[in-house]
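Take a look at the chain below.

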Amino acid sequence: MVKWFSVILVATLMMDWRSWALETCLQEQQRLKDQLRLLEAQVKQQQVRIEQLLQEKELQLLDRGDEKSVPRLGGRRQYADCSEVFNDGHRLSGFYKIKPLQSPVEFSAFCDMADGGGWTVVQRRSDGSENFDRNWDDYEKGFGNFVQKNGEYWLGNKNLHFLTTQRDYTLKIELADFEGERRFAQYESFRVGSEKSAYELSFREYSGTAGDSLAGSFHPEVQWWASHLRMKFSTRDRDNDNYSGSCAKEDRAGWWYNRCHSANLNGLYYRGAYTGETDNGIV
């Protein structure tokens, strides 16, 4: 009788030990799960903070105005143009790195986030500080001040080709005179051809307040020589215009000249009243 009781007693002790061990294991498992959730929450908070710091640094760099300030957003994501930068939540106008789909390299461009946002600025004249009377290679690669907010530059014909052939673009030209009057011209389906086509210019419907000088449609009798539609690009060392002389040499700029122009946005920057003996200024 005592022997049988001893067997029952040992079995009971083993069952109690297994129950205690299982309960301890479950408690440890729950503790580890709670600890894991806490660590995951801390990691998420750190990731959010890192993103905030990156964005704050990005904004600070854009405001500083030195060459190292150009944020390389392509390091986190590749942007084909400024509209993609805008759509990704960046609302501050400034220089960003973009890389059109067929472009072999990325390059800097000023992204204007006003007026709907996402405008890629391809040319800017503001104070006459940059020389636009340049040769073919300069216009092909691009030149100017790609650092300062109001720096003058030309994005480059090769970059314009890569940019405008990846989708349908609208060209907007904003103009202001020394008396403070502002006007604009807007064209649909703006495109620049390849180097093989001498970067031929094409565009469609005009709208705006500046007048349709790019198509020369302001007067039917002058359109045959004034229109820039389907014109090849010309510079002082590469004459592709329809003129017997050289429009680029006479008008001191690179442009899509015909015979020669009704629009000349790369012409000489006359500070104040127009004093040019010919129409070689910004027209």
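A disulfide here is a pair of cysteine sulfur atoms within 2.5 Å. By this rule, the count in this predicted model comes to 2 disulfides. Counting bonded cysteines along the chain, the pattern is 1-2, 3-4.

Start with Cys-82 and Cys-111. Their sulfur atoms sit 2.0 Å apart. The angle about the S-S bond is -70°, and the link of Cys-82 and Cys-111 is left-handed. What does this pair tie together? Cys-82 lies in helix α2 (residues 82–87) and Cys-111 lies in strand β2, so the bond ties together parts that are 29 residues apart in sequence. Are these two cysteines buried or exposed? The cut-off for buried is under 20% relative accessible area. Cys-82 has 0% relative accessibility, so it counts as buried. Cys-111 is also at 0%, and therefore buried.

Now move to the other bond. Cys-247 is joined to Cys-260, with an S to S distance of 2.0 Å. The angle about this S-S bond is -85°, and the link of Cys-247 and Cys-260 is left-handed. Cys-247 belongs to helix α6 (residues 247–251), while Cys-260 is in the segment after α6. The two are 13 residues apart, and the pair links distant parts of the chain. Both Cys-247 and Cys-260 are buried.

Ser-262 is also found in the segment after α6. Its relative accessibility is 9%, so Ser-262 counts as buried. Where does its side chain point a polar atom? A polar atom of the Ser-262 side chain lies 3.0 Å from the backbone oxygen of Ala-226. Ala-226 is also one of the residues in contact with Ser-262, leaving aside neighbours within four places in sequence.

Not counting residues up to four places away in sequence, Trp-256 touches His-228 along with Trp-154, Val-192, Tyr-199, Glu-200, Leu-201, Met-231, Lys-232 and Phe-233. Which members of the largest nonpolar core touch the most other members? They are Trp-154 and Trp-256, out of 47 residues in that core. Strand β2 (residues 107–112) gives the most to this core, with 4 residues. In soluble globular proteins, nonpolar side chains tend to be buried together.

Notes. Residues numbered from 1 in each chain as written. Predicted model: local features only at pLDDT ≥ 70, side-chain atom pairs only at ≥ 80, totals over all residues. Heavy atoms only, no water. Core = buried A, V, L, I, M, F, W, Y, C linked by side-chain atoms within 4.5 Å. Buried < 20%, exposed > 50% of the residue type's maximum accessible area, 1.4 Å probe, protein only. Contact = heavy atoms within 4.5 Å. Polar contact = N/O pair within 3.5 Å; in protein donor to acceptor, adjacent residues only side chain to side chain.
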